[in-house]
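Work through the exercises below with the sequence and the model open. Try each task before reading its solution.

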Amino acid sequence: MAEIHPFYEQHRGAMETAMRHRLDFAEAMLCERAHLSDIDGIRQEVMDEFEIVLTQMPYVGGSASRMSDFFMRLIGFMAISRVLRRHDVPLSAIGEIERETYKAQLLTVPEAERLASGRQFMSSENQALLREQAAKSHRQEFPEDFVYDFVESDTGDKFEFGINYKACGFCKFAARHGDQEILPNICGLDFDAYATRGIHLERTQTLAGGASHCDFRFSRLASE
């Protein structure tokens with residue numbers, strides 16, 4: 001069997017725990033919406049598939065790359081999607097189950113901690129870091145990594161800043177392993193990932209949908 005990259009092996013325990021936590025939240029929906037009965041069997045199938053996904057994860061720079069965290073947090077949904085598709089669960093139902101499951105998991109983090117994380121993301125200091133990382137991404141040091149541009153807001157814009165993703169690690173992963181069909185469900189997770197931290201994400205197009213880039217635009221939610 002293929003080996004897991006040492007960087008991901010270091011985080012394997014935490015990633016597996018997060019997957020089991022996710023499946024706890026998904027259990028009722030798997031029964032009610034996916035009409036699956038052998039939930040213990042499904043859980044085991046997902047964890048077995050996750051072991052395969054771990055060996056397929058591309059190394060994109062480890063702790064030196066902000067995108068490593070994206071992969072480690074979201075790639076497990078590829079395993080869930082693969083298993084549910086094998087059980088003929090419709091793509092739309094898979095997307096709903098995964099998004100609600102992820103939101104429930106995110107909301108287990110105390111609100112103060114989530115909002116503080118959101119403020120840090122929107123801060124001028126983080127924006128400066130994102131500019132640097134965006135420029136660095138164009139060097140394409142790791143072929144499977146993301147490539148993106150930082151977008152400054154202009155007079156009249158309703159967003160504070162944006163990111164245009166010109167190349168997506170998840171898209172590359174999906175193309176390599178035949179997961180294009182389930183890829184849009186991964187894209188759908190972004191909205192709750194930011195909203196639970198007090199950030200409004202506006203996006204009108206994605207690479208997964210055939211566009212030239214994903215246009216992420218960020219602003220603070222009114223409650224912030």
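## Exercise 1: A helix residue and its partners

Q105 touches A18, H21, R22 and F25, with residues up to four places away in sequence not counted. The model is a predicted one.

**Solution.** 
- Step 1. Locate the partners. Helix α2 spans 12-32, and the contacts of Q105 are A18, H21, R22 and F25.

## Exercise 2: A covered alanine

**Task.** Which residues are in contact with A79, leaving aside neighbours within four places in sequence? State its burial as well.

**Solution.** 
- Step 1. A79 sits in helix α5, and that helix runs over 76-86.
- Step 2. The relative accessibility of A79 is 0%, so A79 counts as buried.
- Step 3. Its contacts beyond four places in sequence are M19, V46, E49, F50 and V53.
- Step 4. Check a separation. A79 and T101 are 22 residues apart in sequence. Their C-alpha atoms are 14 Å apart in space.

## Exercise 3: Positive phi in two loops

**Task.** Where do H35 and D88 lie, and what are the phi values of H35 and D88?

**Solution.** 
- Step 1. H35 belongs to the loop between α2 (12-32) and α3 (39-56).
- Step 2. H35 is not a glycine, yet its phi is positive, at about 55°.
- Step 3. D88 belongs to the loop between α5 and α6.
- Step 4. Phi of D88 is near 65°, again positive in a residue other than glycine.
- Step 5. Compare each accessible area with the cut-off: exposed means over 50%. H35 has a relative accessible area of 66% and is exposed. D88 has 67% and is exposed.

## Exercise 4: Reading strand β3

**Task.** Which side chains of β3 point to the buried face, and which point to the other?

**Solution.** 
- Step 1. Strand β3 covers residues 199-202, with I199 in it.
- Step 2. Side chains alternate along β3. I199 and L201 point to one face and are buried.
- Step 3. List what surrounds I199. Leaving aside neighbours within four places in sequence, I199 is in contact with G118, F121, M122, Y194, F218, S219 and L221.
- Step 4. Take one C-alpha distance. I199 and S219 are 20 residues apart along the chain, and their C-alpha atoms are separated by 5.9 Å.

## Exercise 5: The partners of β4

**Task.** How many bridges join β4 to β3, and how many join β4 to β2?

**Solution.** 
- Step 1. Strands β3 and β4 (residues 214-220) run antiparallel, joined by four bridges.
- Step 2. Identify opposite residues. H200 stands opposite S219, and E202 stands opposite R217.
- Step 3. Turn to β2, residues 161-167. Five bridges join β2 to β4, and this pair also runs antiparallel.
- Step 4. Y165 has C214 in β4 as its bridge partner.
- Step 5. Six of the seven residues of β4 are buried.
- Step 6. Look at the loop between β3 and β4, where T204 is found. T204 has 58% relative accessibility, so T204 counts as exposed. From T204 to D88 the C-alpha distance is 29 Å, across 116 residues of sequence.

## Exercise 6: The whole chain

**Task.** Why does the protein count as being as compact as a globular protein of its length?

**Solution.** 
- Step 1. Count the elements: eleven helices and four strands.
- Step 2. The radius of gyration is 18 Å, close to the 17 Å that the globule rule gives for 224 residues, so the protein is as compact as a globular protein of that length.
- Step 3. The C-alpha trace spans about 55 × 40 × 35 Å along its principal axes.
- Step 4. Of the 224 residues, 52% count as buried. Among contacts with a separation of 6 or more, 66% join residues 24 or more positions apart.
- Step 5. The accessible surface is about 11,000 Å², and 50% of it belongs to carbon and sulfur atoms. The mean positions of the 25 positive and 36 negative charges are 4 Å apart.

Conventions
Residues numbered from 1 in each chain as written. Predicted model: local features only at pLDDT ≥ 70, side-chain atom pairs only at ≥ 80, totals over all residues. Heavy atoms only, no water. Rg over C-alpha atoms; globule rule 2.2 N^0.38 Å. Buried < 20%, exposed > 50% of the residue type's maximum accessible area, 1.4 Å probe, protein only. Contact = heavy atoms within 4.5 Å. Areas by Shrake-Rupley, 256 points an atom, 1.4 Å probe, with all protein chains shown as cover. Lys, Arg positive; Asp, Glu negative; His and termini not counted. Charge placed at Lys NZ, Arg CZ, Asp CG, Glu CD. Pairing = 2+ DSSP bridges.
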